[in-house]
Amino acid sequence: MCGSGGLTWLLLCALCVLHSWAQQGAPSSAGGGPPNSTLLFNSASHGAHNLRNCSCNTEVMACNDALANLVCSCRTVARSALPPAGLAVRGRLTVWVRDPWVLRELLNGSTVQDLQLAACDPAPLPAQPLALFGLRRLHLLSASQGVTHPEQSLNITVGPDRGRGVRPSSSSSPFLVSFLDVALLNGLSPLKAYSVSSPPSSILAQHFPHLPLAQPFPTQQPPEPLQDCLLTFIY
Ligand SMILES: *[C@@H]1O[C@H](CO)[C@@H](O)[C@H](O)[C@H]1NC(C)=O
Ligand SMILES: *[C@@H]1O[C@H](CO)[C@@H](O)[C@H](O)[C@H]1NC(C)=O
Ligand SMILES: *[C@@H]1O[C@H](CO)[C@@H](O)[C@H](O)[C@H]1NC(C)=O
Ligand SMILES: *[C@@H]1O[C@H](CO)[C@@H](O)[C@H](O)[C@H]1NC(C)=O
């Protein structure tokens, strides 16, 4: 249909192309597919101190604000209105990072299972640990040109396939605590991860006094005092 003339057709065709780009292999959620995922990004066009909060039913090409505004349902949230103790997100969370405050004020101490992080700004991020709870899947993308490791991912598995040296735990599954070095988002080094079983969270809190383990977890069970922890260092 792209052959037929007229401005309307041209516009429609452009939209079709944009839309199929955006889908890039991700199934649409229309009719009981996967639930919408959350996409958060800060963008100059909506004020440097604001965040766009989108609900998307298709995969959107990373760092493409215009496309996100077009195919997702988005609204603007003031930086000052962000939850102070981190987010708690069910399902997939995608965050496009252009400024370190997004990592520090929005993500640090968050509870998220499936996290996709993209660094959209070529300015390198300094090495700093980001604490995450309940993380099982991580995908990192660096939008900078010419980096050696533009895309890396990690699955954190718990259970029988997790390898040797895991003592049988009293509770069924450990409380997951991850420390991600955000410099990985610069795409300059290969992702490495190291997991270690740790004592229960009550003891862990003594060793990591600044870890917000005691905060309320809106959508997830807080760690039980005797629940074992699995610490994963991603660097
Ligand atoms: C984004 O919007 C969703 C749905 O309205 C809401 O539940 C969530 O708390 C918002 N997140 C932020 C960081 O504002
Ligand atoms: C899911 O995303 C679509 C746009 O991608 C939006 O129109 C719809 O309102 C979203 N649904 C929910 C429940 O957020
Ligand atoms: C997360 O918070 C910890 C403790 O306050 C801090 O040391 C760390 O630098 C923060 N991480 C980032 C990426 O800002
Ligand atoms: C993580 O698991 C998903 C399926 O759940 C798989 O498609 C993906 O390749 C895995 N990634 C890695 C890095 O193992």
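Thr-111 is buried, since 23 other C-beta atoms lie within 10 Å, and a residue needs 20 or more to count as buried. Please keep in mind that this is a predicted model. The protein chain has four helices and eleven strands, and 28% of its 235 residues count as buried. Here is a friendly tour, topic by topic.

**Thr-111 and its strand**

- Thr-111 belongs to strand β5, which spans residues 110-119.
- Leu-132 is 21 residues away from Thr-111 along the chain, yet the C-alpha atoms of the two are separated by 5.9 Å.

**Contacts and the nonpolar core**

- In the protein chain, 59% of the contacts with a separation of 6 or more are between residues 24 or more positions apart.
- The largest nonpolar core contains 43 residues.
- Leu-39, Val-95, Val-97 and Ala-118 are the residues with the most contacts inside that core.
- Leu-39 is worth a look in the viewer: leaving aside neighbours within four places in sequence, Leu-39 is in contact with Cys-54, Cys-56, Val-60, Ala-68, Cys-72 and Thr-94.

**Helix α3**

- Val-102, Leu-106 and Leu-107 are buried in α3.
- These three residues lie on the same side of α3, because they cover an arc of only 70° around the axis.
- The packing partners of the buried residues of α3 are β1 (37-41), β4 (88-97), β5 and β6.
- Gly-109 follows α3 and has a positive phi, near 85°.

**Ligand 3**

- The residues surrounding ligand 3 are Leu-103, Arg-104, Asn-108, Gln-128, Pro-129, Leu-130, Ala-131, Val-182 and His-210.
- Two elements, α3 (100-107) and β6 (129-133), each supply at least two residues of this shell.
- With three residues, β6 gives the most to the shell around ligand 3.
- By class, the shell around ligand 3 has five nonpolar residues, three polar ones and one charged one.

**Ligand 1**

- Asn-53, Val-77, Leu-82 and Leu-87 surround ligand 1.
- The shell around ligand 1 comprises three nonpolar residues and one polar residue, with no charged residues.

Methods: Residues numbered from 1 in each chain as written. Chains lettered and ligands numbered in written order. Predicted model: local features only at pLDDT ≥ 70, side-chain atom pairs only at ≥ 80, totals over all residues. Buried ≥ 20, exposed ≤ 12 C-beta atoms within 10 Å, placed from the backbone. Near = placed C-beta within 6 Å. Nonpolar A, V, L, I, M, F, W, Y, C, P; charged D, E, K, R; others polar. Core = buried A, V, L, I, M, F, W, Y, C linked by C-beta atoms within 7 Å. Contact = placed C-beta atoms within 7 Å. Arc of directions from axis to C-beta.
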